[in-house]
Amino acid sequence: MLLGCHISIAKGFPQAVENAHRLGCQSFQFFTKNPRAFRGKAADPEQAERGRALMAEYGLVAVAHAPYITNLSTPDPELQEISIQSLKQDLENAEAYGAVGCVCHMGKHVEMGEAYGMSRMVETLNRLLEAYTGPCPLLLENTAGQGSELGTTLEQCLEVRSRVEQPERIAFCFDTCHGFAAGTYRPEEWMDFLERARATGYWELLRAVHLNDSKAGYGQHKDRHANLGKGFIGEAGLAAILRSGAFEGLPVILETPVAKEEEYMPEMAYARSLMA
């Protein structure tokens with residue numbers, strides 16, 4: 001697996017690549033814009049080129065992430081239009097920076113019901129993929145099921161993809177905290193879960209992984225990331241997941257709570273130790 005962490009691009013994309021390399025990352029994730037805003041700047045072509053060159057030099061893989069506030073299932077027409085334009089820019093920036101994909105959370109039906117939320121999400125994705133015609137795939141991320149979040153099961157994620165007009169342009173990002181909190185898997189039954197994920201076709205569409213422990217217990221539907229080994233998945237659970245070889249060749253990104261990026265270094269070392 002290609003282990004890494006989330007890196008800020010506030011000081012420019014080339015600096016983010018340098019920081020990821022300095023921390024010993026093999027991959028890294030970045031927000032395409034402020035994670036709490038729809039509007040942002042287009043990627044600077046010169047910085048993007050420099051960053052891509054550094055990534056090639058250091059052998060780094062980048063994963064982009066859209067803002068948290070994006071809701072693919074919003075019933076508000078104006079918010080839907082804003083979300084589509086925002087995501088179009090996210091994908092354009094991800095493409096410019098050479099990311100393997102742009103992660104986006106699944107939709108929230110906002111008390112309109114699951115059926116409505118699923119249909120609305122498909123509609124939004126169809127419009128997005130009509131507006132953005134570039135090669136960067138959108139990576140739908142499984143959720144913890146907090147509030148009215150959709151996408152807590154592999155089957156639901158796959159259903160959304162199967163219903164869009166251009167399914168080949170959509171892949172997935174799996175979050176270990178979200179899956180556990182949603183009740184999608186138990187660490188002690190990881191191999192059974194993995195077998196099911198492969199049988200459904202989900203795993204072959206996986207392009208990135210978020211490696212996080214969970215402050216919430218199994219099936220509690222709360223999106224609360226914990227530092228590795230400090231949550232309910234725990235050291236034994238994380239070791240079982242990492243030793244399974246399930247993430248071979250994939251960018252595996254830490255999104256654990258840290259005050260500064262340097263704190264990811266001992267966590268990455270800890271993750272590697274669990275594989276021994």
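Predicted model: local features only at pLDDT ≥ 70, side-chain atom pairs only at ≥ 80, totals over all residues.

**Exercise 1. Strand S3 and its neighbours**

Work out which strands pair with S3 and how many of the residues of S3 are buried.

Solution. 

- Step 1: look on one side for strand S2 (residues 27-31). S2 and S3 run parallel and are joined by five bridges. Here Phe 31 stands opposite His 65 of S3.
- Step 2: look for strand S4 (residues 102-105). S3 pairs with S4 over two bridges, again in the parallel sense.
- Step 3: follow the chain from S2 to S3. Together with helix H2 (residues 45-58), these two strands make a right-handed β-α-β unit.
- Step 4: count the covered residues. In S3 (residues 61-65), four of the five are buried, so to speak a mostly covered strand.

**Exercise 2. Two aromatic pairs**

The whole structure has 22 aromatic pairs. Describe the pair of Phe 13 and Phe 28, then the pair of Phe 31 and Tyr 68.

Solution. A pair of aromatic rings is described by how far apart the centres are and by the angle of the planes.

- Step 1: for Phe 13 and Phe 28, the ring centres are 6.0 Å apart and the planes lie at 40 degrees, so this pair is tilted.
- Step 2: Phe 13 belongs to helix H1 (residues 13-22) and Phe 28 to strand S2, 15 residues apart, and the pair links distant parts of the chain.
- Step 3: look at the cover. Phe 13 counts as buried at 1% relative accessibility, and Phe 28 is buried at 0%.
- Step 4: turn to Phe 31 and Tyr 68. Their ring centres are 5.2 Å apart and their planes are at 80 degrees, so we call this pair edge-to-face.
- Step 5: Phe 31 is in strand S2, while Tyr 68 is in the loop between S3 and helix H3 (77-96), 37 residues apart.
- Step 6: compare with the cut-offs. Phe 31 counts as buried at 15%, whereas Tyr 68 is partly exposed at 29%.

**Exercise 3. The two sides of helix H7**

Which residues of helix H7 (residues 190-200) are buried, and what covers them?

Solution. 

- Step 1: pick out the buried residues, which include Trp 190, Phe 193, Leu 194 and Ala 197.
- Step 2: look down the axis. These residues cover an arc of only 100 degrees, which puts them on the same side of H7.
- Step 3: turn to the other side, where Asp 192, Glu 195 and Ala 199 are exposed.
- Step 4: see what lies over the buried residues. The cover includes helix H5 (154-163), strand S6 (170-175) and helix H8 (234-243).
- Step 5: Gly 201 follows, with a positive phi near 95 degrees.

**Exercise 4. Around strand S7**

Trace the pairing from S6 through S7 to S10.

Solution. 

- Step 1: start at S6, which runs parallel to S7 and is joined to S7 by four bridges. Phe 174 has Val 209 as its bridge partner in S7.
- Step 2: carry on to strand S10 (residues 251-254). S7 and S10 pair in the parallel sense over three bridges, and Val 209 has Val 252 as its partner there.
- Step 3: check the cover of S7 (residues 206-211). Five of its six residues are buried.

Notes:
Residues numbered from 1 in each chain as written. Heavy atoms only, no water. Buried < 20%, exposed > 50% of the residue type's maximum accessible area, 1.4 Å probe, protein only. Pairing = 2+ DSSP bridges. Right-handed = clockwise from strand over helix to strand, strands pointing away. Arc of directions from axis to C-beta. Contact = heavy atoms within 4.5 Å. Phe/Tyr/Trp six-rings, centres within 6.5 Å; stacked < 30°, edge-to-face > 60°.
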